Structure formats: C-alpha cells, structure tokens
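Subject: Handover of a structure and the findings from it

Dear colleague,

Please find below the structure that I am handing over to you. My notes on it follow directly after.

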Amino acid sequence: MKSLSPFLQRSLAVGAVAWRVLHKPMFLLLGVAAGFLVPYTIVLNGRVRERFGDLVFSVPTRVYARPLLLAPGEPMNADALELELAFAGYTSDGQGRLPGTWAKSGGRYAIASRGYAGPDGGELPHRIELTLAHGQVATLRDAAAGRALRETHLDPARIATLYGAEQEERQVVKLGEVPPLLLTGLQAVEDRDFKSHHGIDLSAILRAAFANLRAGHVVQGGSTLTQQLVRNLFLDRNQNLVRKLNEALLSVLIEANYDKSRILEAYVNEVFLGQQGAQAVHGFAAASQFYFGRPLQALRPQEIALLVGMVQGPSYYDPRRSPQRALARRNLALQEFFTTGLIDAAQLKQAQAAPLGVSANPQLPANRFPAFMDLVRAQLQNDFDEQALRGGGLAVFTTLDAAAQLYTERAIAETLDGMGKRGETMQAAAVVTDADSGSVLAVVGSRDPGDPGFNRALMAQRPIGSLVKPFVYLVALAQPQRYSLASLLSDTPVSLRQPDGREWSPQNDDHEEHGEVPLIEALAESMNLATVHLGLDLGVDRVKALLQSLGLKDVNPNPSLLLGAVDLSPLQVAQIYQYLASGGHALPLLSVRGVMDGQGHPLKRYEVKPGNGEYHQAVQLTTYAMQQVAVSGTASVLANSNLAWLHAAGKTGTSDSQRDSWFAGFTGNRLAVAWVGRDDNKTTGLWGATGGLRVWQKLFQRLPTKPLSTDPGPGLEFAWIDPKSGHRTDQVCPDARQLPFVVGYAPQDEEHCFWQELKNIFGGDGGGDGAPPQPAAGQP
C-alpha cells in the first residue's frame, strides 16, 4: 500500500466503504432486473412465436376486367387498342420487349404481354405483333417464334380492390420467386452483415454513423433487416428508450427462433414502400406493380435499385412526387450494387443513365367503376359473404370491357354536355352487353361515373314506353299462319274503359291515324294505335307471359302495357333485349366469369351454356323489322350517319309527357341500352331519338363492333310484296317491297302491276282468296 500514491490510496478506501454500503442494494437491483427480464423475455418470445410462427399477411381481394381477345377479324381500332393498353397499365417505351410495354411503328404494334392465370386457364408472357385494318385485327403473330397466331389474350386490367380491416396492398411471394439481385442488393444497401449477425449489428451502427457524418445527412441506416421487420410487425412509431430495447430484444428472439431465409421472406412481403390514399403498399411484389406495372421478376437492375433505395423513406423518395430525389437515391443504391460486386461497371453506367421509368398511373384502383361493381357484388353474394370478399386474397374475374365502359361514360358526358343548360338537370344510365353470351361489358349509373351513390342502371325503374313494342310484335310473328311482316294492321282510334271507369284513348305521337299499315311499318314508325289493336287481338296476357318468361316479375296485363306502361331499370331492359340480340336465347346477364383463391385455385366459375333457343324465325323477323327502325323509322338518323354500315336493330322509347328517353339497339356482337331523364321525374322535352339514341350513337362511333347481318337467316324466304294489299307482286311494280317470310307462309296469290294500277284507278280493295290471313284489326 505504501507504494501506491496517496490519491489511489484514498480512492481505494472510498471504494471499500462504498462497497460495504452499496453491494447489497446492487445485488438486489440485479436480482429484480433478472427477475423481470427473464419472464419478460419469455413473454416476448411467446409473442414472437405466435405472431411470426404462423405469419399470415393481409392480402386484399382484387377484381379484374376481362382479358382482351386479339384475333384476326376481331373488331378493333387503334384508339380502342391504345385505350385498352393504357387502362391495363401498359407503357409505350418504343420497343415493346419488356413485359407490360408496347411500341407502335406505322400501323404495326409490338406488345409484350405479362401473362395471367384465370378461371379459364390463362397465358404465359409473350411478345406479339399485330396490324389493324378496316376496323379489325388484320394480322397477328408471335414475334419470338415468327409464326401466325389464331388468337391471344392480354392480361386483364385490375378494376377494383376489396380491402379488409387493414388497408394494405400486398402480393405475397416466396423467396424463390424474388430476383436474386433484389435479395443481394437489399442486403448490400440495408444490411451487409445480415447473414452473420444475430438481430442487431453494432458495427453497422458505427458504419452508418460515419457515413452519415461524412455526407452531412442521412444516407445509411444502422438497423438490421430484422430490426426493420420487428418495427413493422410488433411496434408502434413512438421513439423512446423502451421501444428501442424492445426492438433489440425482439430482433434477437426472432433470429434465435427462425432461419435467415424465413426472416428475409417475411421482410420482402412486409416492408412498406408507398401510399395511395388510404391504401399502403407493402412488399416488393406489390411495389413492382404499383410503380412499374410489371411483375417483380421482370424488373431491370435500375428498377430494383429504386425499390431498394426507397426502403429508407418511401414518402421522401417517392419517384412520382420527387423524381430528382428518387433518381439520386436510386443511383446511390446502384453504386452500392457495384461496390459489393453485384453488377459490373458497364451495367452500372447503363443503369445510372436510364430514366426512372415509373408508370404515370399507379395500378392500385380501389373502385374504378362503382356501378359495375354493384352488379358484381349482387352476383357474388349468393356464393361469398362480404367478409370472405374483403381481405380474403381472392381474385375475381369479371366481364367488364374497358373500351366499352370508358366509351359509354364518354358518350353520356358528351350527350348531356351537348344539351347546354337543359342538360345540367339531366341524368343518364347505360348498360352494354355481349350480344351472343350475355356478358355485361359496361354499366354506367350516373352522369358522374365515379359516383358510388344511386345506381340508376340497376335501381332506377322508369316507364319504358315504346321499348316494349318489339315483344308485342314478336308474339304475333310467332304465329306465321296469322301474321307476317306484310300483315295489314289497323292504325285507327281506340277507346277502352278502364276498371276505374275512366276512358283510355291512346294516340300516335303525330296525333294522326294512318288507316291500314303493314306490320313492319307499324313497328318501324312506332305507331301506337296499330300496336294496341294488334296487342288486343293477340291478348295482353300473352304479351305479359312472354315478358315474364324473359325474367320480369309482377307485370300488370293492362292494355297500357302494350305501349310501355311497365317500369324497368336499364339492366332489366338489357335482359329482355338480350333475347332478341342473341337470336332467341334467353340468357341471364353475367358480370363475373370466375373466382380464384390466393393460391390460384378456382373456387367458382360462372358460365351459361345456351340451349337451342325458341322462336328463331319470329325473332329473326322482329330483328329485321327493328333494322328498319334504323333505316326509315324513328331511329333513321343511324342510316344517315357513318354508322349505317352496322345495319343495327333497335327501338326508341319515350314515356308519357317525355319524362324518359330510351334507346335499345344491337349490332352483330354488342347490345346497348341507354336512358336519359331527370331524377325529379319532370319532363325532359326529349324523345327517344333525341336522348337515349344520341348516347347510343356516340358510343358506337368509337366502340369496335361487328355489323348485324341483313340476311334474316335459315327458315326464311324473301318475296316481293305490295305493301298496300299484302299480296305478292312483281319486283318492278311501283312501291313493291321485298320482305322475309317463314318458309311456306309467303303470300301465294300474285298481283301484277296492271291490276295494281287498275285498282288505283277504280279504288278496288284488292281482296282475294289468295291473300294471307289477316288479323281482325281494330277489334278489342
């Protein structure tokens, strides 16, 4: 002790005294700490095993449009094709080689599809080339194989997302599905010692501190990937000592319980990488689609570097809001890739020179088309409850046609805007279907198509006016022994006493009576009086029975039904007109093709296999008459426009006091129903031809479609008829008209031109034994 300095001697003495005084409290404190820490660690370990051992990520249900069919002869034009590509998140890069890109050179398109799996199978990614001509696909070939293709499909666009309680966008991937450069690059930038540390890395903390000090701002984090994962899975965002201690302890426990690949896979699927509204983007796979519109496996080094660089601050480095900041961060990540030997100097130079390449429109739709989604939910509710749909990780494949939907929305907007101030008080709705299958291609429920409120296409039931008339005539034409298109109907006044004692005396829209008129002319000109006489002769109950067989309920068989005194929604009108458009097949309207689970297994398929149909000849004759509506009748504006080549069949409809304006019409492959009116049910001043028909016309000026054949089809034959008598006549006779008849029921007696002229001179009525049977027109 004598060799020690006085200072050291005093220090030892003080220490000895302190030890005698404090050693018991210190041991007590350590005991208390151990007594708390050990149970606390056990509790945390249990929490880790519970949360991480059976880790289930929240995955939303995604809703898709239909895949885009491309085939030689399939209707398509340049505007519609480019609209479909943009809608599905494809980008034009001048080459069209990477999945999700396209290029155009003259009239030739090169498209690199992304592939998809759907309820009907799917397709692998491939590169195609096609040309367009005369409103259709002219050529189609596989660019890689250099061979012609019969058909192909582009992956369907995502149109809606059904989130659960967690508003998280995520696509779960296995570690083997992640590009190796992303895994190694992530470790190079965020956690170089990931493979060797045990949850926390003191050397990384020191290295990050030095790098940040040298740069003058934060360029590198000191947290391990495991610590970052702990923050997302277990902790809140509070910054305090307790949280830091919990983070460290939880990280060590995770590393002690699970291997590195399990931890890395969880990180890849959980990391937060962006935000759109209330939806948070989690995981690299979802971020790849969100920023680039391509699957993770199709990303290039510069795109992988951007995502890795954004881990440090997704909002701060958002490439859409702060492109220069994001570019600098991406290039810094690329430099780290090079420094650690993941890419060579040539790759570094090329990648750093590339633009960000982020898609302008993020593919993260919550609900693009609320009116259509109402129909989807209605169809699914019988098989899936709301809880199963929301956050269930399902994939719902619908029938929506992007071009049809967007063009219908545009047609409504242009029509109402074109009415000036009057149009400001108007509302509109429309439904478009596939004429052959009954698939619903578009639904618009409001002049504001994004409005999730009142859906007029499904819920607004309004009087349909003359839209009912083709079904009255269909009942007649189903009896070829009594009626034909040449049958003469009485367009004369009618007055009936109603059950309440009031008189019902309908009138024609022109307030004129036209005497005896051919059946085809009565329908084309929408003559009320002739239709009422015909319906009364048939029996209103038979018209009611036909409408109910097509899906309508509670149809009131009053005589006023013959002129459209029945309230229907546009969807219901589409349902009954589908029977005519499909050639006599009663097809239910479908908006969903199928549902798959999160592993890609089909859960439910929705399909309709049409039978042989009914009354084909009667439907064909009715369709032929409806084509005359668009030639010489109430929709003749179509024949005088650039849509004449479609040979469309349709019918205008106007309710009492012009409160509702309707048009329903179909081409060779598309049916569309349009309604224009007011929510307060006041008069619009519109006829069917000045409201609904204009919407229809503007739609089909853009929508690719096929013309409707003018050949009535099998089982029918043409004959030249004198429309004044309904008798067969010579083709060269004045006013002679060629009409189709059911085979064996064309008029047999002929009236040559001489006798027609003689009758005109002497006023003969042209009666004869050979005349086709005529209805007792005018008889109640």
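Among contacts in the protein between residues at least 6 apart in sequence, what percentage join residues at least 24 apart? The share is 68%, where contact means heavy atoms within 4.5 Å.

Before the details, a word on the basis of these notes. This is a predicted model, in which local features need pLDDT of at least 70 and side-chain atom pairs count only at pLDDT 80 or more, while totals for chains, interfaces and linings use all residues. Residues are numbered from 1 along each chain as its sequence is written, and side-chain values use heavy atoms, with hydrogens and water left out.

Overall composition

The protein contains 23 helices and 33 strands; these are DSSP runs numbered from the N terminus, with helices (H or I) of at least four residues and strands (E) of at least two. Of its 780 residues, 52% are buried. Buried means under 20% relative accessible area, exposed over 50%, and partly exposed in between, with a 1.4 Å probe and protein chains only.

Strand β5 (residues 108–112) deserves a description of its own. Towards β4, β5 runs antiparallel and is joined by five bridges, and A110 in β5 is the bridge partner of A103. The two strands form a hairpin with two residues between them, and G106 in that turn has a positive phi of about 65 degrees. With strand β8 (residues 127–133), β5 again pairs in the antiparallel sense, over five bridges. Here I111 stands opposite I128, and A112 stands opposite R127. Four of the five residues of β5 are buried, so that the strand is mostly covered.

The five-stranded sheet

A second open sheet to note has the order β12-β1-β16-β25-β26, also with mixed pairing. Its edges are β12 (158–162) and β26 (602–605), each of which pairs on one side only. From one strand to the next, the twist averages 15 degrees. Strand β1 (residues 61–64) runs antiparallel to β12 and is joined to it by four bridges; T61 has L162 as its bridge partner in β12.

Helices

Helix α8 (residues 284–292) packs against helix α9 (residues 301–310) at an angle of about 115 degrees, with the axes 11 Å apart. Axes are lines fitted to C-alpha atoms, for helices over the stretch in contact, and angles run from 0 to 180 degrees between N-to-C directions. On the α8 side, F284, A287, S288, Y291 and F292 take part, and they meet E303, L306, L307, V308 and M310 in α9. These contact residues divide into eight nonpolar, one polar and one charged. In this classification Ala, Val, Leu, Ile, Met, Phe, Trp, Tyr, Cys and Pro count as nonpolar, Asp, Glu, Lys and Arg as charged, and the others, Gly among them, as polar.

Helix α18 (residues 528–538) is largely enclosed by the rest of the structure, because 11 of its 11 residues are buried. Among them are N528, H533 and D537. Just after α18, G539 takes a positive phi of about 105 degrees.

Individual loop residues

N455 is found in the loop between β18 (440–444) and α15 (456–459), and counts as buried at 2% relative accessibility. A polar atom of the N455 side chain lies 3.2 Å from the backbone oxygen of A371. Leaving aside neighbours within four places in sequence, N455 is in contact with A371, D374, G445 and A460.

Most residues other than glycine have a negative phi. H511, although not a glycine, has a positive phi of about 60 degrees. H511 is placed in the loop between β22 (503–504) and β23 (515–518) and counts as exposed at 57% relative accessibility. D554 is not a glycine either, and has a positive phi of about 55 degrees. This residue lies in the loop between α19 (540–549) and β24 (567–568), where D554 is exposed with a relative accessible area of 75%.

With kind regards

Conventions:
A polar contact is a pair of N or O atoms within 3.5 Å; within protein, one must be able to donate a hydrogen and the other to accept it, and residues adjacent in sequence count only if both atoms are side-chain atoms. Two strands pair if DSSP finds at least two bridges between them.
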